[in-house]
Amino acid sequence: MIGNILVGLVALIHVYIVYLEMVLWDTPRGHKTFRLTPEFAGASKVLAANQGLYNGFLAAGLIWGLYLGAAGFQVEVFFLLCVTIAGLYGAATVGRKILYIQTVPAVVALVAAWLGW
């Protein structure tokens with residue numbers, strides 16, 4: 001039960017990231033969130049939308065795993081590992097903040113799901 005709640009939380013985080021990257025990227029909120037200049041945000045808007053789409057696939061995979069119930073355990077593990085690896089890469093290449101926003105929740109959800117909580 002706790003594992004499912006945490007997996008759902010990670011999925012919701014990624015739905016929000018999709019919204020930030022695909023809708024809010026070139027707005028004051030997007031500029032503040034990602035520390036962007038308006039010029040850079042405008043020039044990279046298409047790239048950010050593509051990145052947002054990938055985050056959407058991560059969210060969709062987690063939601064799919066939850067939808068499958070007990071049969072979705074392996075799906076959840078796969079997508080949580082994808083989120084963890086993406087978060088580690090982002091933390092190493094972009095900023096440590098990603099470690100706390102993306103990686104830590106995914107690892108906690110992964111452990112909870114693995115332990116059957």
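User: What is the handedness of the crossing of α4 and α5, left-handed or right-handed?

Analyst: The crossing of α4 and α5 is left-handed. Keep in mind that this is a predicted model.

User: Why are α4 and α5 called roughly antiparallel to each other?

Analyst: Their axes cross at roughly 155°. Angles over 145 degrees count as roughly antiparallel. α4 and α5 are therefore roughly antiparallel. The axes come within 8 Å.

User: Which residues make the contact of α4 and α5?

Analyst: α4 gives Phe57, Leu58, Gly61, Leu62, Trp64, Gly65 and Leu66. From α5 come Val75, Glu76, Phe79, Leu80, Cys82 and Val83. By class, that is 10 nonpolar, 2 polar and 1 charged residues.

User: What makes α5 roughly antiparallel to α6?

Analyst: The angle again. α5 and α6 pack at about 155°, with axes 8 Å apart. The cut-off is over 145 degrees, so α5 is roughly antiparallel to α6. This crossing is left-handed.

User: How do the residues of the contact of α5 with α6 divide by class?

Analyst: Into 16 nonpolar, 5 polar and 1 charged. Among them are Leu80 and Val83 in α5, and Ala109 and Leu110 in α6.

User: Which residues touch the most other members of the largest nonpolar core?

Analyst: Val7, Val10, Leu62, Phe79, Leu80, Val83 and Ala109, out of 13 residues. α1, α4, α5 and α6 each give two or more residues to this core. The largest share, 5 residues, comes from α5.

User: What does Ala109 touch, not counting residues up to four places away in sequence?

Analyst: Ala109 touches Leu6, Val7, Val10 and Leu80.

Conventions: Residues are numbered from 1 along each chain as its sequence is written. This is a predicted model: local features need pLDDT of at least 70, side-chain atom pairs count only at pLDDT 80 or more; totals for chains, interfaces and linings use all residues. Side-chain values use heavy atoms; hydrogens and water are left out. A nonpolar core is a set of buried Ala, Val, Leu, Ile, Met, Phe, Trp, Tyr and Cys residues joined through side-chain atoms within 4.5 Å. Buried means under 20% relative accessible area, exposed over 50%, partly exposed in between (1.4 Å probe, protein chains only). Helices (H or I, at least four residues) and strands (E, at least two) are DSSP runs, numbered from the N terminus. Contact means heavy atoms within 4.5 Å. Axes are lines fitted to C-alpha atoms, for helices over the stretch in contact, and angles run from 0 to 180 degrees between N-to-C directions. Angles under 35 degrees count as roughly parallel, over 145 as roughly antiparallel, 65 to 115 as roughly perpendicular and the rest as oblique. A crossing is left-handed if the near helix is turned anticlockwise from the far one by less than a right angle, and right-handed if clockwise. Ala, Val, Leu, Ile, Met, Phe, Trp, Tyr, Cys and Pro count as nonpolar, Asp, Glu, Lys and Arg as charged, and the others, Gly among them, as polar.
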